[in-house]
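The sequence and the structure are shown first.

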Amino acid sequence: MYSLQDLTEHLSSEHGINVDQNQLADLRNIGYYHGYKGYRFIRSTHNRIAFTDIRQIIALNRFDMDLKSLVYPKIMFIENALKSYFLESLLADSQSPELSVIFAKSLTNHKNYKNGSREYKKEYAKLMNLQIRVHSALVRDYKNGREIENHFFNGGKSIPVWAAFESLTLGEFGTFFSCANRNIRVTTSKLLALPTNLDGNGHIISFIIYALRDLRNAVAHNGVVFDTRFKNAKVNKQLKTLLERETGLKNLDFKYFDTYIVLIAYVFRKMTTGTKECISFLHEYNKFCEGVFTKIPKEAYFEIVGTNHKTMLDSFEQWVLKAPKVS
């Protein structure tokens, strides 16, 4: 297939899907190679959706785009806020904004393990790789003329940690957090009002960061998100346990986008007094789900959102309404 016409003929002859002339623009707009191929299955290329009408493909694409537009501002808010919470704890521990001091004094999680043990080597190697990545990011941004790096480096000054954080990816921030000592991690967890009985080691925030990283990257690069195929690794069970015990929800599964919605809304609610905004976020998500329900095959819909979608969202909304106000 080399042209849009070739694709429409392929859809008609091989899949029984006819495309009217007035639908060509829609097919072209979603990307008739990447777009069509990306939306013809759920999670695995072997799990094809039994489309019968091009309008179903277009509707699924619209649903996917709506999800990305919905979650991106919340993820960005959470990312910036978590960095602020972490910096507050980090600076209280290090008593210095200098990266060299912070790496030596505060990023010492590897010291929790016996010197030379497998875990020690793993954690120490992670710290060394983090140092390389941080300095590489700073050099890259300096060469690219980024204002923050140029301000400090051209003045012959060391760049403070809060400025360096502007150059880090969400994944690098997650590594930075996981390398911090237990006191910093636990203090940050308390700032977020996470239950101490479920986050005694202070690692939950790093699990949150890693879970959101994959979604954020997919959104930023216009990847398909509706079926959570963006998930590169298993989400830590400790995070799932915390969400279930805190909210009272059962059988949360990051296989479904619903669980990412719960995670985002949970963290957002922990950070703000914005109950109404949180509820609005959930209602908007549910509106998108209801909209696509009538436009794609029912079997595909329930495989995408799960069979417990409405019950779970209703229960979670009640938790949001009753959750303690942020102090």
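**The largest pocket**

The structure is a predicted model. Its largest pocket holds about 360 Å³ of space. Lining this pocket are 15 residues, and those nearest its centre are Ser206, Phe207, Tyr210, Arg213 and Lys234. Helix H11, which covers residues 204–220, contributes the most to the lining, with six residues. Sorted by class, the lining comprises six nonpolar, four polar and five charged residues.

**Helix H14**

Helix H14 runs over residues 275–293 and has 19 residues. The buried residues of H14 are Thr275, Cys278, Ile279, Phe281, Leu282, Tyr285, Asn286, Phe288, Cys289 and Val292. The buried residues of this helix pack against four helices: H4 (54–94), H13 (257–271), H15 (298–305) and H16 (309–322).

**Cysteines of H14**

Cys278 and Cys289 are both among the buried residues of H14. Their values are set out here.

| Residue | Relative accessibility | Closest cysteine sulfur | Distance |
|---|---|---|---|
| Cys278 | 1% | Cys289 | 16 Å |
| Cys289 | 0% | Cys278 | 16 Å |

How many disulfides does the structure hold? The number is zero. For Cys278, the closest cysteine sulfur is that of Cys289, and because the two sulfurs are 16 Å apart they are too far for a bond. A disulfide requires sulfur atoms within 2.5 Å.

Terms used
Residues are numbered from 1 along each chain as its sequence is written. This is a predicted model: local features need pLDDT of at least 70, side-chain atom pairs count only at pLDDT 80 or more; totals for chains, interfaces and linings use all residues. Side-chain values use heavy atoms; hydrogens and water are left out. On a 1 Å grid over the protein atoms alone, a cavity is a set of points where a 1.4 Å probe fits but cannot get out, and a pocket is an open set with protein on both sides within 12 Å along at least five of seven lines; lining residues have an atom within 4 Å of a point. Grid points are joined across faces, edges and corners, and a volume is the space filled by probe spheres set on the points. Helices (H or I, at least four residues) and strands (E, at least two) are DSSP runs, numbered from the N terminus. Ala, Val, Leu, Ile, Met, Phe, Trp, Tyr, Cys and Pro count as nonpolar, Asp, Glu, Lys and Arg as charged, and the others, Gly among them, as polar. The expected span of a helix is 1.5 Å times one less than its number of residues. Buried means under 20% relative accessible area, exposed over 50%, partly exposed in between (1.4 Å probe, protein chains only). Contact means heavy atoms within 4.5 Å.
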